[in-house]
Amino acid sequence: MFLFLSKLIPLFFYPMGAACLLLIVALGLWWINSKWTPAAIGGALLILFLSGNAWTTNWLAQSLEWQNIPKTELPTADAIVVLGGGTRSQAYPRPDVDFADAGDRVWYGANLYRSGKAPKIIVSGGRIAWKGGGTPESEDLTKILVRLGVPQQDIIPEGNSFNTRDNAVNVQKILQARNFKKILLVTSAKHMPRSMAIFKHLGIDAIAAPTDYRISQLELDEPNSQTEAAILSFLPSEDCFSLTTQAIREYIGIFVYKLRGWL
């Protein structure tokens, strides 16, 4: 039940959900001929405008992504842990496993392995049956890693995790069973603050190896580069709207996990 509620309730706090709620309220106010109808509509428009604005999006996403930028070269470790979220399972008409938006996680994990940073890769992630289904993410990750040159025997799959907390708990069991002491934790940069906090809370010696940066110095400079860029950055866009939602999702996750005592 917690897993379902953790997916359902935040929907009403994301920009789209909040705007829809305000529009529903506006419809009700209009029905009773209330003078507050324009205020509800204006609130919905304000949410949509701010969440799709490049300046808002850049600031919000950067506040997460730039927290764990490695200041020195990553050290060697006993294992590289790649968290799920970077693949889509094979299903008609998809001919094979695909990279998802966070597919950089798989690529970066393979690069770290080929660079000799660790002799093993732990891939962690399952699939929620009522949320798309498909094969466990750990299987999909394994397939791609093998194609990227990682030997099958050096990949340790963990396919029973349905959220970041599960990832940490189940990976910890593998670390203890194999006497691994130190890991390089690979996940998207915006997801890294919550992930690191959970792993550290469990006493795991994890070193952040973030990837999938959506906000670089190029994105920060773009709105100020030319008049045309400033105008386009000021207007709401689908990409900004999506990234703002992802950032809000992470902050909600951090808040809920703190309430649960997981951080």
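**A parallel sheet, its packing helix and a pocket**

Strand S4 (residues 121–124) and strand S5 run parallel and are joined by four bridges, where strands are DSSP runs of E with at least two residues and helices are runs of H or I with at least four residues, both numbered from the N terminus, and where two strands count as paired if DSSP finds at least two bridges between them. The structure is a predicted model, in which local features need pLDDT of at least 70 and side-chain atom pairs count only at pLDDT 80 or more, while totals for chains, interfaces and linings use all residues. Residues are numbered from 1 along each chain as its sequence is written, and side-chain values use heavy atoms, with hydrogens and water left out.

Within this pairing, Ile-121 stands opposite Ile-155 in S5. The two strands belong to an open sheet of five strands, ordered S5-S4-S1-S6-S7 with parallel pairing. Strand S5 (155–158) and strand S7 (205–208) lie at the edges and have a single partner strand each, so one side of each is left without a neighbour in the sheet. From one strand to the next, the twist averages 25°, with axes taken as lines fitted to C-alpha atoms, for helices over the stretch in contact, and angles running from 0 to 180 degrees between N-to-C directions.

Helix H8 (residues 192–201) packs on the sheet and touches strand S1 (79–83), strand S6 (182–186) and S7, contact meaning heavy atoms within 4.5 Å; the direction of H8 makes about 165° with that of S7. Strands S6 and S7 pair in the parallel sense over four bridges, and Lys-182 has Asp-205 in S7 as its bridge partner.

Two backbone features are found in loops. The peptide bond from Tyr-92 to Pro-93 is cis, with omega near 0°, and Pro-93 is placed in the loop between strand S2 (87–88) and strand S3 (98–99). Asn-33, although not a glycine, has a positive phi of about 60°; this residue is in the loop between helix H2 (15–31) and helix H3 (37–51).

The second largest pocket is lined by 17 residues, of which Ala-54, Glu-222, Ser-237, Asp-239 and Cys-240 lie nearest its centre; on a 1 Å grid over the protein atoms alone, a pocket is an open set of points where a 1.4 Å probe fits, with protein on both sides within 12 Å along at least five of seven lines, and lining residues have an atom within 4 Å of a point. Helix H4 (54–65), helix H10 (227–234) and helix H11 (238–259) are the elements that give two or more residues to this lining.
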